[in-house]
Amino acid sequence: MNIRPNIKTGKSVCPHDCPSACALEVELLDEHTIGRVRGSKDNSYTLGVICEKVGRYAERIHHPDRLLHPLKRKGAKGDGQWQRLSWDDAMGEVAEAFLKAEERYGALSVWPYYYAGTMGLVMRDGINRLRHVKKYSGMYDTFCVALSWPGFLAGCGRMTGSDPREMQKSDLIVIWGTNPVNTQVNVMTHASLARKTRGAKIACVDVYDTGTMKQADVKMIIRPGTDGALACAVMHVLFRDGYADRAYLEKYTDVPREFEAHLQSRSPEWAAAICGCPAAEIEAFAKLIGQTERTYLRIGYGFTRSRNGSVNMHAVTAIAAVTGSWQHEGGGAFHSNSGMYKWNKTLIEGLECRDPSIRQLDQSRIGPVLLNNPYDLAGGPPVTAMIMQNTNPASVAPDQTKVRQGLMRDDLFLCVHEQFMTETAQLADIVLPATMFLEHDDIYQGGGHQHIMLGAKLVEAPGECRNNHEVIADLARRVGAKHQGFDMTPRELIDWTLKNSNRPDLEKLEQETWIDVQQDFETAHFLNGFGHPDGKFRFKPDWQAARFKPGIGPFGPVGDIPPMPDHWGVIEEATETYPFRLATSPARTFLNSTFNETPSSRKREGRPTVFVHPEDLAAQGLKDGDKVRLGSARGVVTLHAKVMDGIRRGVLIAESIWPNDAFEDGKGINTLTGCDQPAPAAGGVFHDNRVWLKPA
Ligand SMILES: Nc1nc2c(c(=O)[nH]1)N[C@H]1C(S)=C(S)[C@@H](COP(=O)(O)OP(=O)(O)OC[C@H]3O[C@@H](n4cnc5c(=O)[nH]c(N)nc54)[C@H](O)[C@@H]3O)O[C@H]1N2
Ligand SMILES: Nc1nc2c(c(=O)[nH]1)N[C@H]1C(S)=C(S)[C@@H](COP(=O)(O)OP(=O)(O)OC[C@H]3O[C@@H](n4cnc5c(=O)[nH]c(N)nc54)[C@H](O)[C@@H]3O)O[C@H]1N2
Ligand code: SF4
Ligand SMILES: [Mo]
C-alpha cells in the first residue's frame, strides 16, 4: 500500500502483545481521525510489513462500541445495566471501596491486576507503583512466558539470542512452535528474504497445518506436548551421524558426553511413537539440520503452553548447542530479546517501595484466588477489591467457569479500565474508559527484535477517555499513596527511565523515533560464554533454581523433571473418557481477545470452530460443519467442526480467542482449559487439554 500524497502521517509503534512491536506510519486525517496504518519501511525489522488487523486499525480506534464515559453498575452484577457518572464520582467510588477493603482486611485484600493489552512501559507497568506504595497484593504474571522463559534460561542463561535480522543470512530457518503468519508476521518477512536471496529452506514444527506450515519446505506435524521427544530424536541423529560439533561441545557445554549417552535410546522410532510423526521424517529433518551450518532456530511460545512446556523449550534450545550453529552468522537460536533492555523501572513501578515478602497471587489462578482457595491466598485475607487494566480475564484466563464465579462474588468490588465493554468489564462495579495507543505517549521495546521505540500521542481521545497513568495517579492521590512517579507526566517518566537505563534521552529518541540496541555478534551468539557463571550451555540444568521471577516458585513436582532433555509425560494425555488432545491456537485476526470486536476480524474468522482429522470426524459419526460439543473435566463448550487433513489423529484445534458470547451458552474456549501450576515456574497451559468430542 503506497503512501497517499497530501495526507499527513505520524510515526508510532504497535502497542499490542506481539513480539513484532512494529514501527508504524499512521495517516492522520484530522486531529481526531486516522486513516490507513502501514509498517515503516525504514525500520530494519519491520521492513514495511504489518499484519492485516493493525493495517485497518481505524476500525478499532473509531469503533462505535468504544467506551467513552465512566459507568456505574445498575442492578445485579453482569445484568448489563449502567448509569453514567462523572470521573470525579467514579474515582471517588473506587477509592472508597479500596479504603474500605484495606480497613477491613488490610492492604493485601486489594489486588491490582493487569496484563499486556498495551506493551507500553508507562501505561502497562505503572499500576505496580500503586501496588508497591500501598503494599497491595502482588501479581505473578503467568499467562504467557512463565513456561517458555525458564526453559530458555535453563540452558542459555540469558534471554537474548542471534539477531532476528540474521534470518536473512540463514540457509535453514526452523520455525518451532510458533505460527508467525498469524502471530508475528515479520518473522516470515525475514525468512522469505532468505529463501528469495539464497534459496534458504524453511522448516516448521507445529501441531497442525498452519499458514506458516503451508509456506514451509519441511513440515513437522506432531502431537501437542511432544516437542521434547522430537528434539531428543533430532539430537540422537546429530550425534549418531557425526553432525555434532565436538570441539564446540567441549568448550561451550556442561556435560556433552553424558548427554550423548543419554540420547542413545532416544531414537527416531522412539520419538515417532510419542510425536505421531514418522521416524523417516524425523531422520530427514535431523539430517537437514546437521548438514546446514547456518541453521536458525526461531523458537516460539505456543509449544510451551503445556505442562511439560519448560522442559520442551530447553530441549529445543539444546539442538543449537549440539551442532554449534551459534558460531555462524545466520545460525543459533532466538526466542526473545527481553533480557537485553535492562530497564531501570524504579519510577515507573515504584520499585524502591516493593516489599518482596508480600504474597504474589498467580494471575492464571484468578478463579481459585477469587473463590478464596486457601492455597491461592497464601494464608492471607480474601481479595475484596480490584482494579484491572489491559486484560480480559473473563475470556483469556484458564478455567473460565471459576473465573466468572469469582468475579461475580457479591463482596468483590471490581473496577475495570477498558477500551471496550469486554466480558470482564461486563462484571464490573465501575467501568472507566481508556485511551488507545495513538491517544497517549509511551515507550516500547521489541521482544522479537532490538529496538527501543517511541509511540507519541498523535490524535485526541474520544469522549472522556483517560490513559492508564492518569487513572492510577488519580487513584493514588485519593487513597493516600505518595510517590514522585504519580506527579510526573508520561513523558517525564519516559525521559527519566531512558536516562537511568543508560540510553539516549527522550529528546534524542524523539528525533530518531527508534533506537537499535542490538548486541554485538559475539555476545548475541553466546561466543563470550552463555549466561551461567561457568559460561556453559547446560544440558543438565538446575531446575530447582529455574524461576521466571526471583523469589517465586518453583511450583509442581520439580524433583520429577527429567535431568536432561526428554519427553516428560505430565501432559493431559488422552484417556478413554477424554480421547482427544485440544490446542487453542491463536486465530490470525484476533490478538488474544483484542480485535474480536472488529467486524472484519469476526467476518474473516467465521465462527467458533474445531478442526478435526477426517477419520476422527467419521468415527464420531460427524461431518464437516456439524455442531459439536467439547468437554473437559472443567466444562463443556459448543462450536462447529471443520475437517482438517494436516493434523494427527486424536488432536483437535480450536483457533482462538472468540468472544464468549459467540458460543452457545456464552461459554468461551477457556471453559475447557486448566489452571494448575506446572513445574518449574507455573504458566498458562492453553494448548494442553484432554477433551471428548460429541455431536451437539
Ligand atoms: N493473530 C494473533 N497474533 C498474536 C496473538 C494472537 O492471539 N493472535 N497473541 C500474541 C501473544 S500474547 C503471544 S504470546 C504471541 C504467541 O505467539 P506464538 O509464539 O506463535 O505462540 P502461540 O500463538 O500460542 O502458538 C503458536 C503455534 O504453536 C502451536 N502449538 C501448540 N501446541 C504445540 C505443541 O505442543 N508443539 C508445537 N510444536 N506447536 C504447538 C499452535 O498450534 C500455534 O500454531 O502471539 C502474539 N500475536
Ligand atoms: N485459549 C487460549 N487462551 C489464551 C491464549 C491462547 O493461546 N489460547 N493465550 C494467552 C496469552 S499468551 C496471553 S498473553 C493472554 C492475554 O490476555 P490479555 O492480556 O487479557 O489480552 P487481550 O485479550 O488482548 O486483552 C487486552 C485488553 O486490554 C485492553 N487495552 C489495550 N490497551 C489498553 C490500555 O492502554 N489501557 C487499558 N486500560 N486497557 C487497554 C484491550 O481493550 C483488551 O480488552 O491470553 C492467554 N489466553
Ligand atoms: S504484527 Fe504484531 S506488532 Fe506488528 S502490527 Fe501486527 S500485532 Fe502489531
Ligand atoms: Mo502472550
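1. Helices (H or I, at least four residues) and strands (E, at least two) are DSSP runs, numbered from the N terminus. Although A378 is not a glycine, its phi is positive, about 50 degrees.

2. A word on the ground rules: this is a predicted model, where local features need pLDDT of at least 70 and side-chain atom pairs count only at pLDDT 80 or more, while totals for chains, interfaces and linings use all residues. Residues are numbered from 1 along each chain as its sequence is written, chains are lettered from A and ligands numbered from 1 in the order in which they are written, and side-chain values use heavy atoms, with hydrogens and water left out.

3. Two cis peptide bonds deserve a look. One joins G553 and P554, with omega about 0 degrees; P554 is in the loop between α24 (521-524) and β20 (580-583). Another joins A679 and P680, again with omega about 0 degrees, and P680 belongs to the loop between β24 (651-653) and β25 (689-695).

4. On to the domains. The chain is assigned domain 1 (71-141 + 341-434 + 466-499), domain 2 (148-335 + 523-554) and domain 3 (580-695), with bounds that come from an automatic or database domain assignment. Between domain 1 and domain 3, the contact (heavy atoms within 4.5 Å) takes 17 residues from domain 1 and 22 residues from domain 3. The C-alpha centres of these two domains are 30 Å apart.

5. How much area is buried between domain 1 and domain 3? It is about 1,500 Å², with carbon and sulfur atoms giving 45%; buried area here is the accessible area (1.4 Å probe) that two parts lose on being put together, summed over both. There are 15 residue pairs in polar contact between the two domains (both at pLDDT 80 or more). A polar contact is a pair of N or O atoms within 3.5 Å; within protein, one must be able to donate a hydrogen and the other to accept it, and residues adjacent in sequence count only if both atoms are side-chain atoms. On the side of domain 1 that touches domain 3, α19 (393-396) and α20 (400-407) each supply at least two residues, and α19 gives the largest share, 3 residues.

6. The structure as a whole holds 48 salt bridges, each a side-chain nitrogen of Lys or Arg within 4 Å of a carboxyl oxygen of Asp or Glu. In one of them, the side chains of D88 and R478 meet at 2.7 Å, N to O. D88 lies in helix α3 (residues 87-105) and R478 in helix α21 (residues 468-478), so this pair ties together parts that are 390 residues apart in sequence. Between domain 1 and domain 3, the count is 0 salt bridges.

7. Ligand 1 has 30 residues around it, the closest being D206, G225, D227, S585 and F590; a residue counts as near if one of its heavy atoms lies within 4 Å. Oxygen atoms of ligand 1 are 2.8 Å from a polar side-chain atom of T183, 3.1 Å from one of R305 and 2.7 Å from a polar backbone atom of N592.

8. An N or O atom in the side chain of T391 is 2.8 Å from a ligand 2 oxygen.
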